[in-house]
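Hi,

Here is the structure I said I'd pass on.

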Amino acid sequence: MTTLYVLDVPENVPVVEVADRAPDVTVSRIGPYFEITAPGPIVIDRRATGCRHAVWYSCVAALRGSAVTQQDKDALRVEPA
Amino acid sequence: MSEQQHRVRGVDHVAYPTFDPAGTVAFYRDVLGFPVVHSICAAGWGPERHPDFVHFFFDIGNDDRLAFFYYFGLEPFEGGPQGDAYSRFAEDVPLFFIRSRHLAIHVDNEEDLLDYRRRLDASAWPVEMQIQHETIESIYTHDPNGYMIEITRAMRPVTPQEDLDAELTIDALVDVVSGPDPSMAALLARKAELIVERAAAWQEQREAALP
């Protein structure tokens, strides 16, 4: 299981929306955070989010039992640790 | 969150040395238009062969002040080819580290930011970078002493949840740097525990406090 937390601020909303397009991804809430979970890897396409550097490279608030395996100009990939 | 009362009232002054007081006055007073609001001329005293000096202050808004010390007869100290009037660094010290210490001065809006951009661009110290992050926009240059100066505006107000997020980040950071192997991965894992412990209660408290 992959679990990724993203803070609910306007700039981060596209990140969550793009993540949510994948069929096996579930988005729920815990306080002001989005909790994004999937049985396998979560992959978010940067261009689809429209995020530029500052938000893109700081959009991960926290990870539970998971690790970032890619976070570059193309994609964010989080996998079970 | 600290239980201590928060009683301070902003920056009284931040002080830097200068070996170029004429350039410093030209930059801050004549180019940027920061009024000179205070100065002290003092004869050197004390056991350290302290030179005679002038300590002078510019108003940077909000009654906050940027101050300089000019010491008569003092020569710059050695230390490497990079850096500023206060700190010199060896060639192999990375720029991100050297630039990490800087002064950022706040403006209220884009119009004010661009006004300072025009003042700098018409001077010997033009803007070196203008960066619009999603939440802030800043211009940067170096003053005649080599000190990096940023002028910045917020693109939107800070939200309450960002204050919570900052608290959780810093609590997680303090925890992981006390451990054996500080890393971003360790911080993000610890922060997830803190989110699970505290984020829902924070939200409930906020909603309960709303009218």
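Starting with where the two chains meet: 19 residues from chain A and 21 residues from chain B make up the contact. Bear in mind that this is a predicted model. The area buried between chain A and chain B comes to about 1600 Å², and carbon and sulfur atoms give 63% of that.

On the polar side, six residue pairs are in polar contact between chain A and chain B. The rule finds one salt bridge across this interface. Glu11(A) pairs with Arg156(B) in a salt bridge, with the closest N and O atoms 2.6 Å apart. As for what chain A brings, S1, helix H3 (53-56) and S5 of chain A each give two or more residues to the side that touches chain B. S5(A) gives the most, with three residues.

Now chain B. Its domain assignment gives domain 1 (13-154) and domain 2 (160-209), and the C-alpha centres of these two domains lie 35 Å apart.

The bit I'd look at on screen is helix H5 of chain B (residues 184-209), which has a kink of about 40 degrees centred on Ile195(B). Ile195(B) is also one of the buried residues of H5(B), along with Leu187(B), Leu188(B), Lys191(B), Ala192(B), Leu194(B), Ala199(B) and Trp202(B). What do the buried residues of H5(B) pack against? In chain A, they pack against strands S1 (2-7), S2 (26-30), S3 (33-38) and S5 (62-64), and in chain B against helix H4 (160-177).

Cheers

How values were computed:
Residues numbered from 1 in each chain as written. Chains lettered and ligands numbered in written order. Predicted model: local features only at pLDDT ≥ 70, side-chain atom pairs only at ≥ 80, totals over all residues. Heavy atoms only, no water. Bend = angle between axes of the 7 residues up to and from the residue. Helix = DSSP H or I, 4+ residues; strand = E, 2+ residues; numbered from the N terminus. Buried < 20%, exposed > 50% of the residue type's maximum accessible area, 1.4 Å probe, protein only. Contact = heavy atoms within 4.5 Å. Domains from an automatic or database assignment. Buried area = accessible area lost by both parts, 1.4 Å probe. Salt bridge = Lys/Arg side-chain N within 4 Å of Asp/Glu carboxyl O. Polar contact = N/O pair within 3.5 Å; in protein donor to acceptor, adjacent residues only side chain to side chain.
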